[in-house]
Amino acid sequence: MIYIYIKIQHLRDSLSITLVFKAEEGLSGYYLHFHFRILYIKRGPESEKDLPGVMSFACLVCLRKRLFVLPLITAIWIIVSFFITYAIAVSYGHVEPDFPYISHTARDSPERCVFGQLINIGAVMLGMNVIVRYWYLKEVFRQKKFADDVVWWQKFNIAGALIGIVSALGISMVANFQTDAQKALHYVGAGLAFGLGTVYCFVQTRLSWKLKSNNIGNRYIAIAQLINSIALTVLLVTFGISKILFKLKEKEHGFSESRVMFRGVYLLSTISEWFLASAILTFALTYTWDFRYVEMESPKILLKLPNRTDTNQNGGTEMTTQQV
């Protein structure tokens, strides 16, 4: 039995979102329960006016005055997505309950459909974090005139943003191309997600240390990003080596036998993959501090409407331009 309960309560000074996921397998007596709750409270005379609506948690524009919430929502969304698909796969008996590969929890239906949808949304959220981080650094470089070459650092910022966007695209590829159906594209996506994701974290760490050296930002955040990036590198190397070793054994003995015969290598590979994915999300959480100082204005558009009362000398219709 699979049971999903979602409750959204919008009060005068608070917004509560509750998600309960429950999977049961009666024959084996295996139960998995998951409960998740977000409570946002804003106090003060302007609380009712500034209270975000429900769609604020899904739209970057609606979060423009609360961008510090974006990294938190992103991390929670992707972690919850992992556990939801894991629970569905285990409840249907498609994977073993003790640390399967993340991609193996999305090989069969219906969990692969759920995984693809949820992770695609998560990839877009990660891309939003990359863009906001780029805007933040761009504005810092514009306002604070460093002694050295600001232009070079801005180019470095652009390069980091491009790497981050490609890494987010890799996460989407992992979700859309399952390991059994499109193995080559799946591995390309994993390489972009984990490999370029690690490079992106080091680029952002270097930028954070640059800000710290100019008395901008929080030095503890920069230290946390450095530790996170080093941990990412260790996990990436561990996962890559153990994955290759297990694949070599899998070719000789098959997946089921290799999983039993070389249990240590298998668990080292799967556990390092879970921690590797989590480490990328914890790095995104470090943006929460800087995003507190960022507000995004609503997008402006130019609306060109034909003026039917005025005609030009050639008999054509004049176009008026209005800024909205």
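Contact here means heavy atoms within 4.5 Å. Helices are DSSP runs of H or I, at least four residues, numbered from the N terminus. This is a predicted model, where local features need pLDDT of at least 70, side-chain atom pairs count only at pLDDT 80 or more, and totals for chains, interfaces and linings use all residues. Residues are numbered from 1 along each chain as its sequence is written, and side-chain values use heavy atoms, with hydrogens and water left out.

Start with α2 (residues 69-91) and α3 (residues 111-143). Their axes, lines fitted to C-alpha atoms over the stretch in contact, come within 9 Å and cross at roughly 165 degrees. Angles run from 0 to 180 degrees between N-to-C directions. So α2 and α3 are roughly antiparallel, a label for angles over 145 degrees. From α2, the contact includes Trp 77 and Phe 82; from α3, it includes Phe 115 and Met 125.

Next, α4 (residues 150-176) and α5 (residues 183-213). Which way do α4 and α5 run relative to each other? They pack at about 150 degrees, axes 7 Å apart. That makes α4 roughly antiparallel to α5.

Now the serine. Ser 272 sits in helix α8 (residues 263-285). Is Ser 272 buried or exposed? Buried, because its relative accessibility is 5%; the cut-off is under 20% relative accessible area, with a 1.4 Å probe and protein chains only. A polar atom of the Ser 272 side chain lies 2.7 Å from the backbone oxygen of Leu 268. Not counting residues up to four places away in sequence, Ser 272 touches Leu 235, Thr 238, Phe 239, Ser 242 and Leu 267.

Conventions. Helices (H or I, at least four residues) and strands (E, at least two) are DSSP runs, numbered from the N terminus. Buried means under 20% relative accessible area, exposed over 50%, partly exposed in between (1.4 Å probe, protein chains only). A polar contact is a pair of N or O atoms within 3.5 Å; within protein, one must be able to donate a hydrogen and the other to accept it, and residues adjacent in sequence count only if both atoms are side-chain atoms. Angles under 35 degrees count as roughly parallel, over 145 as roughly antiparallel, 65 to 115 as roughly perpendicular and the rest as oblique.
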